[in-house]
Amino acid sequence: MIDFVDPAAIAGLSTRTLTGDHYAGSRFVHISYPEFQDAPALNRALRAEAEREWRDFGGRTKGRAAYARPELNVDWQLAAASPQAIAVRLRTGEFQGAGWAYSTRTYWFDRRGGKVAESAGLLDGEHALRQLAQLVRERFKGRGSQVQREEVTVGGDRFDSMAFNRGGDLVVEFDDCQIGPCSLGRLAVAIPAERVRPLLSEFGRRAQASVREAARRAQDSVREAARRTPIRRPETAPTESPQAVSNRAGTVDCARAKCVALTFDDGPGPYTAKLLDILRKERARATFFVVGSNAAAQPGLIKRMSAEGHLVGNHTWDHKDLSKQATSRITDSLARTEYAVSTAIGQRPALARTPYGTMSQAVRDVATELGLALVDWDVDADDLFAHKAGDITDLAVRKAHPGAIILMHDIRRETVDAVPDILKRLRGKGYSFVTVPELYGSAGMQAGHLYRSGSELPGKRPLT
């Protein structure tokens with residue numbers, strides 16, 4: 001196992017996202033990666049890898065029928081974050097119709113030298129890599145005949161994902177199907193710290209030491225906190241967080257006023273803070289459907305959304321098409337995001353939006369169980385594909401109507417640049433900007449129901 005670092009503890013960390021339903025609607029793509037304030041070379045490398053993943057995936061699925069809906073999903077974790085080194089582990093999942101296949105790649109950044117290295121850069125050259133391959137083959141003995149130890153070679157990308165655990169052991173992991181049947185999934189071994197140390201480069205030794213030191217400090221901190229905090233028996237069982245509501249709900253009566261709900265998906269991202277500045281200045285509120293991994297990495301932005309009168313909704317943990325998922329995975333994705341949001345603001349989301357707007361009965365059932373109303377949209381500003389803010393503005397304003405739920409994405413600079421004009425032009429037409437539940441007034445929103453517009457039926461009844 002690798003002990004991943006909490007990204008919320010890293011000052012200046014933001015997230016970047018490439019997403020879209022591209023290629024004539026036949027492919028779903030969502031790629032997320034971190035961006036660091038003080039590591040521009042690493043940021044460039046991660047961006048280049050994200051673009052390569054997208055490009056290669058398009059090539060592999062070219063000509064596939066639209067109904068097959070191939071999907072690419074890339075998420076990330078921090079395998080290390082210290083004054084010496086940063087390690088970003090990218091996990092790529094591809095769905096080609098028969099199930100998901102996963103691969104990993106870990107990039108290392110030497111803070112001292114300001115340089116990026118792939119995982120093999122932890123080792124002291126080709127000779128050390130060959131010795132490591134032999135150690136890995138030895139460690140796989142006893143794992144069963146299905147593990148193809150002869151496939152552990154120094155060629156290709158066999159050693160593209162390596163990181164240290166808290167004891168300084170080198171964890172070497174292999175992609176699905178790489179050295180055994182796909183049914184085995186991820187295969188990994190840990191090479192003991194004392195055996196791998198002679199094989200490490202100068203940077204590799206510093207990285208190993210920094211991971212061990214960070215683990216020691218974390219353990220000391222836990223012990224000190226336990227020593228200082230007396231153990232008390234709880235008087236009552238903890239209660240779950242209340243449902244999230246806008247602290248300004250009720251200030252507009254949408255039965256009398258012309259209302260629209262601006263909704264923003266996939267954040268928070270690098271432009272979310274600017275968007276919140278605009279909304280605060282213009283005294284408009286919105287609904288944010290956040291991706292759980294982004295929310296967990298940037299809880300300060302989630303807190304600000306809630307404090308400034310906006311509503312935080314659930315957009316799953318990693319933006320995978322839920323209609324392809326088993327019930328247990330749907331539940332896990334939504335529940336993990338609920339936990340990230342409630343940890344930040346003390347309220348759990350009452351609304352959810354599915355990635356790509358896909359739906360299944362399993363999704364409805366899980367939403368009902370978790371107390372989530374499902375929100376679609378009836379106005380798409382098409383901002384994922386627009387190249388100019390003016391085009392986004394024109395489309396959103398032209399299609400807006402009383403009760404509209406307008407889809408946009410705060411991960412794009414062009415979208416955020418379009419918002420001031422959208423607010424100005426729609427306000428000039430007499431519109432008020434509210435959160436989604438306010439469109440339905442006293443009728444409310446019910447868990448498991450799907451809502452596309454506040455103007456669907458008289459009396460604000462949901463479209464199911």
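Me: If you number the bonded cysteines in sequence order, what is the pairing?
Reply: The pairing is 1-2, 3-4. Keep in mind that this is a predicted model.

Me: How many disulfides does a search of the whole structure find?
Reply: The search finds two disulfides. One is formed by Cys177 and Cys182, and another joins Cys254 to Cys259.

Me: Remind me, what is a disulfide?
Reply: A disulfide is a covalent bond between the sulfur atoms of two cysteines.

Me: How far apart are the sulfur atoms of Cys177 and Cys182?
Reply: They are 1.9 Å apart. For Cys254 and Cys259 the S to S distance is 2.2 Å.

Me: Is the disulfide of Cys177 and Cys182 right-handed or left-handed?
Reply: The torsion about its S-S bond is about 125°, so this disulfide is right-handed.

Me: And the disulfide of Cys254 and Cys259, right-handed or left-handed?
Reply: Here the S-S torsion is about -95°, so the disulfide is left-handed.

Me: Are Cys254 and Cys259 buried or exposed?
Reply: Both Cys254 and Cys259 are buried. In the other pair, Cys177 is partly exposed at 35% relative accessibility, and Cys182 is partly exposed with a relative accessible area of 48%.

Me: Where is Cys177?
Reply: Cys177 sits in the loop between strand E8 and strand E9, and E9 covers residues 187–191. Its phi is positive, about 75°, although Cys177 is not a glycine.

Me: Why point that out?
Reply: Most residues other than glycine have a negative phi.

Me: Which other residue has a positive phi although it is not a glycine?
Reply: Asp266 is one of them, with a phi of about 80°. Asp266 is in the loop between E10 and H5.

Me: Is Asp266 buried or exposed?
Reply: Asp266 has 1% relative accessibility, so it counts as buried.

Me: What about Pro268, where does it lie?
Reply: Pro268 also lies in the loop between strand E10 (258–265) and H5. The peptide bond from Gly267 to Pro268 is cis, with omega near 0°. Most peptide bonds are trans.

Me: New topic. Which residues of helix H7 are buried?
Reply: H7 runs over residues 299–307, and its buried residues are Leu301, Ile302, Arg304, Met305 and Ser306.

Me: Let's go to Asn165. Where is it found?
Reply: Asn165 is in the loop between strand E7 (162–164) and strand E8 (170–174).

Me: Is Asn165 buried or exposed?
Reply: Asn165 counts as buried, because its relative accessibility is 11% and the cut-off for buried is under 20%.

Me: Which residues does Asn165 touch?
Reply: Leaving out residues up to four places away in sequence, Asn165 touches Met1, Asp3, Val171, Ala190 and Val211.

Me: And Lys429, where is its place?
Reply: Lys429 is in the loop between helix H11 (413–428) and strand E17 (431–433). Lys429 counts as partly exposed, at 47% relative accessibility.

Me: Which residues does Lys429 touch?
Reply: With residues up to four places away in sequence not counted, Lys429 touches Lys258 and Val397. Lys429 and Val397 are 32 residues apart in sequence, and their C-alpha atoms are 9.6 Å apart in space.

Me: Now the whole protein. How many helices and strands does it have?
Reply: It has twelve helices and 18 strands.

Me: How does its radius of gyration fit a compact globule?
Reply: A compact globule of 464 residues would have a radius of gyration near 23 Å, and the protein has 24 Å, which agrees. The C-alpha atoms fill a box of roughly 75 × 65 × 40 Å along the principal axes.

Me: What share of the residues is buried?
Reply: Of the 464 residues, 52% count as buried. The protein exposes about 21,100 Å², with carbon and sulfur atoms supplying 49% of that.

Me: Last one. How many positive and negative side chains are there?
Reply: There are 66 positive and 57 negative side chains, and the centres of the two sets lie 2 Å apart.

Key: Residues numbered from 1 in each chain as written. Predicted model: local features only at pLDDT ≥ 70, side-chain atom pairs only at ≥ 80, totals over all residues. Heavy atoms only, no water. Helix = DSSP H or I, 4+ residues; strand = E, 2+ residues; numbered from the N terminus. Buried < 20%, exposed > 50% of the residue type's maximum accessible area, 1.4 Å probe, protein only. Contact = heavy atoms within 4.5 Å. Rg over C-alpha atoms; globule rule 2.2 N^0.38 Å. Areas by Shrake-Rupley, 256 points an atom, 1.4 Å probe, with all protein chains shown as cover. Lys, Arg positive; Asp, Glu negative; His and termini not counted. Charge placed at Lys NZ, Arg CZ, Asp CG, Glu CD. Disulfide = S-S within 2.5 Å.
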